[in-house]
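Dear colleague,

I am passing on to you the structure that follows. A short account of what was found in it comes after the display.

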Amino acid sequence: MVDEDRITLAPTEIYGRSDEEQSGPRIWRRKTEEPPGKCLVYLLTIIVIIFALCLILSSIFLRISKPEIETRSISTRDLRSGGNSTNPYFNATLVSDISIRNSNFGAFEFEDSTLRVVYADHGVVGETKIEGRRVEAHKTVRITGVEVEIGSFRLLDTKDLDKDLRLGFLELRSVAEVRGRIKVLGRKRWKVSVMSCTMRLNLTGRFIQNLLCE
């Protein structure tokens, strides 16, 4: 009599016989985990990188440098000179174009300042006022038509003036000091920019030559 409660086995061609022991050792794999020490190293590395980036950005954005001021061009007007060895004289009007460049990440606001013109080493022969204004971040402001009246009447010593007048050249120097404050990310710093330009006044041609600013 045939037993009706038979168990159907899987095909041996695919799975092999279920009642046979599989040959070879059994391999057990255990899930690996990162040790706590490595996680701490990774965290410290990220913190160091973030700190270095903050230092680099702060050195770029918070660094405050002096604005640059220079004379771009100078022209002359109403130039007169003459006299004799005992009473030499000259007078003229110098018209300057001045630029102020602000390379900071904050605006530069400067006060009224004075532009002086010096003849050789003999003293100041003229001065005028540069009105204060605001220079935005990474901007350059040009101040045109700055006029200064120069004349030998301001000099106390004119012993070399007659010789220079006969040569036809006067060595001049224009000096200005601009003082203002720069505000970057809530920080305010006072900065002083100094301009010193040497030039030669050609009396014959009535023009400025060899203009050089430091």
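Does Asp 78 count as buried, partly exposed or exposed, and at what relative accessibility? Asp 78 counts as partly exposed, at 48% relative accessibility, where buried means under 20% relative accessible area, exposed over 50%, and partly exposed in between (1.4 Å probe, protein chains only).

Please note that this is a predicted model, in which local features need pLDDT of at least 70 and side-chain atom pairs count only at pLDDT 80 or more, while totals for chains, interfaces and linings use all residues. Residues are numbered from 1 along each chain as its sequence is written, and side-chain values use heavy atoms, with hydrogens and water left out.

Overall architecture

The protein has three helices and ten strands; helices (H or I, at least four residues) and strands (E, at least two) are DSSP runs, numbered from the N terminus. Read from the N terminus, the order of elements is α-α-β-β-β-β-β-β-β-α-β-β-β. Of its 214 residues, 30% count as buried. Contact is taken as heavy atoms within 4.5 Å. Among contacts between residues at least 6 apart in sequence, 65% join residues at least 24 apart. The protein exposes about 15400 Å², of which carbon and sulfur atoms supply 52%; accessible areas come from the Shrake-Rupley method with a 1.4 Å probe, and for residues only the protein chains shown count as cover.

The interior

A nonpolar core is a set of buried Ala, Val, Leu, Ile, Met, Phe, Trp, Tyr and Cys residues joined through side-chain atoms within 4.5 Å. The largest one has 19 residues, and Leu 94, Ile 150, Leu 170 and Leu 172 have the most contacts inside it. Among the elements that give two or more residues to this core are β1 (68-82), β7 (139-151) and α3 (161-167). Strand β2 contributes the most, with three residues. A second, separate core of 18 residues includes Ile 100, Ile 143, Val 146 and Ala 176.

Leaving aside neighbours within four places in sequence, the contacts of Leu 94 include Ile 74, Val 117, Ile 150 and Leu 172. Leu 201, in strand β9, is buried, with a relative accessible area of 0%. Not counting residues up to four places away in sequence, Leu 201 touches Phe 169, Leu 170 and Leu 172, among others. The C-alpha atoms of Leu 201 and Phe 169 are separated by 5.6 Å, although the two are 32 residues apart along the chain.

The disulfide

The structure holds one disulfide, that is, a pair of cysteine sulfur atoms within 2.5 Å. It joins Cys 197 to Cys 213, with 2.0 Å from S to S. Cys 197 lies in strand β9 (residues 187-202) and Cys 213 in strand β10 (residues 207-213), so the link ties together parts that are 16 residues apart in sequence. Cys 197 is buried, at 0% relative accessibility, whereas Cys 213 is partly exposed, at 23%.

Backbone points

Most residues other than glycine have a negative phi. Asp 78, in strand β1, has a positive phi near 55 degrees. Asn 210 is not a glycine either, yet has a positive phi of about 55 degrees. Asn 210 belongs to strand β10 and counts as exposed, at 52% relative accessibility.

Yours sincerely
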